[in-house]
Amino acid sequence: MPHTEVETMSQSTAVRPVRRRPALAAGRPARGRRNRMQATGWPWILPAVVLVVGLVYYGIGYTGYISTLDWDGVSPTPEHVGAANYAHLLKDPVFWLAVRHTVVFFVVTFAVQTVIGFVFAALMHSTVRLRALYKVVVFMPVVLAPATMAPVFRQFFGVDGQLNWMLRHVGLDSLAQPWLAQSSTALPVIMAITVWQWTGITFILYYAAMSQIEPEILEAARIDGAGNVRSLWSIVWPMCRGTTAAMAMLGVIGALKTFDVPYLVTIGGPNYATEFLGTLIYRVSIPQTHVGYGAALSVTLLVLALAGAIATALRSRKGGRSDV
Amino acid sequence: MFEARRISGKVVLQLVATLIAIPYVLPLVAMVQGSLAGQGVGNYRAVFATGVVGTYFRNSALVAAGTILIVYVCTMLASFGFSKLRIAGKEVIFWMILAALTLPEVVLLTPVFATATTLGIYNQLIAVVLPLAALQVPFTVLLTRNFFDGIPNELMEAARVDGANVWRTFWHIMLPLTRPIAAAIVVLTLINAWNDYLLPLVLLQDPGKQVVTLLPQYFVSQFANDQTKVLASAVIVAIPEILAYLSLQRLFERGLSAGALK
């Protein structure tokens, strides 16, 4: 099919290639398969490079510069303070709280999502009825914007919300509580919402990974006397390691990027109980207009995100090698 | 994966699957139920009566379309260049673009805000579109370059021998082959642009310029504490997304999960 297209178009541009080809052959004989296409790729990658460098790298540089200022964002004479913002950051208890929340958030959401996603994927590969419906139900939240669902969750977990209503109806009145208004339950609620939102991705990836496993392997294990749980744990789980590693990396970056849900559902509260780096940077930079300090927090966040990504990438590579 | 020979085993599997799935529907049920509390359908009528719903949807559509266009063009050109053409220092540039993958958008807050104000594009959709596209491109380039790497170089050779220049090879041979990955990119970008909250929150102040993710907030201030109408607006925003997903289920699942596959 492509061949015919080439023929029709070569008629219209017959002149140019004819002129070029002998020169090419005489001047530089083709060295290897890769180098034969002589055109330089610079014009091709230019738009993407301009966009990414012009926005992302410029933005990082700008943020890095602002992070050395004491500035409110509008004053024409910002004061240079050197590393003072960073020194302040190290002593800021809210910053450390946000870091701790991010770590807890990552560990819990990653673990829960992995367990639910993995088990659910295995179930969807088993003889269960209405599978198509179940799959849609679990994946649906991925499509919905956290900002759209935030008011729903504020109501769902509210004092007079559906969760407490259900608890009271099954006789668990003692468990009914103001989930979002107390420090002890606010963070777990934020994590639950995140798990609700993203399990669909984990599930789909495990589901795809499991489709790659040949049934003969499982059959052989069955003949050797392995039960359901045993073959799932000893055969299927290790074969899905690549998926788990990818999800870990995504989870680390995702945890560091967390903003929408804690900002919209609990505004980082109560009493900083759901403060994350994203919500902290937003509050410091925009409503409080400590732009310089916000920038220092941003740079720190960026460093953490890069370090986290590299660490998970290295760990999964090492783990993969020692096992294979 | 699970094998159940006896009826009891099958029942257990069905039960576990149901127990896992139920919490995923509950919030959606709560949303619809809450939106119909009090005045029932009247809540929806009140939301539409404000006359802003259409504007918000139009703006979201414009933002998504603009982002998709920029991302698609940049991604296809750059991935082809990275995969099939000669570039001095290619891998360094490629990794520079990849490093941007980890960037949380909140880091760009102040620079984008300040720059948009300076350039006079604050409060305009383009101020949201450009950073969204810049944050999306690193990932789509990674995906698409891998895809191009899977297309044999012999195809390029054949085209060249037949007299096609690089552009024609790209346009007539490569681009038609990239349809599967292009679909994934469009869906991924669509969801990310449509669902983004932080950039519009900071960059779009004028209600006539705002997007659907800001709609619930708008109604919180419009209807004071009338949650039912806020939830009605959430349902209105969610329905097109749910319909889009249901009608293009495969594409959405593939496109969004491509996010984690390398």
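At what angle do helix H3 and helix H6 of chain B pack, and how far apart are their axes? The first legend answers this.

**View 1. Helix H3 of chain B packs with helix H6 of chain B.** This is a predicted model. H3(B) covers residues 53-84, and H6(B) covers residues 125-149. The two helices pack at an angle of about 35°. Their axes are 7 Å apart. The crossing of H3(B) and H6(B) is right-handed. Their contact holds 17 nonpolar residues, nine polar and three charged.

**View 2. Chain B touches chain A.** On the chain B side, 90 residues take part, and they are in contact with 96 residues of chain A. Helix H1 of chain B (residues 7-35) supplies the largest share of the chain B side, with 14 residues. By class, that side has 63 nonpolar, 16 polar and eleven charged residues.

**View 3. The largest nonpolar core has 167 residues.** Ala48(A) and Val52(A) have the most contacts inside this core. Helix H9 of chain A (residues 183-211) gives the most to the core: 17 residues.

**View 4. Ala48 of chain A is in contact with residues of chain B.** Neighbours within four places in sequence are left aside here. The contacts of Ala48(A) are then Cys74(B), Thr75(B), Leu77(B), Ala78(B), Ile97(B), Val137(B) and Val141(B).

View 5. Mean pLDDT for chain B is 87, and 97% of its residues reach 70 or more. For the complex, the predictor gives an ipTM of 0.86 and a pTM of 0.84.

Terms used
Residues are numbered from 1 along each chain as its sequence is written. Chains are lettered from A and ligands numbered from 1 in the order in which they are written. This is a predicted model: local features need pLDDT of at least 70, side-chain atom pairs count only at pLDDT 80 or more; totals for chains, interfaces and linings use all residues. Axes are lines fitted to C-alpha atoms, for helices over the stretch in contact, and angles run from 0 to 180 degrees between N-to-C directions. Helices (H or I, at least four residues) and strands (E, at least two) are DSSP runs, numbered from the N terminus. A crossing is left-handed if the near helix is turned anticlockwise from the far one by less than a right angle, and right-handed if clockwise. Ala, Val, Leu, Ile, Met, Phe, Trp, Tyr, Cys and Pro count as nonpolar, Asp, Glu, Lys and Arg as charged, and the others, Gly among them, as polar. Two residues are in contact if their C-beta atoms, placed from the backbone, lie within 7 Å. A nonpolar core is a set of buried Ala, Val, Leu, Ile, Met, Phe, Trp, Tyr and Cys residues joined through C-beta atoms within 7 Å. A residue is buried if 20 or more other C-beta atoms lie within 10 Å of its own, exposed if 12 or fewer, and partly exposed in between; C-beta atoms are placed from the backbone. pLDDT is the predictor's confidence in each residue, from 0 to 100.
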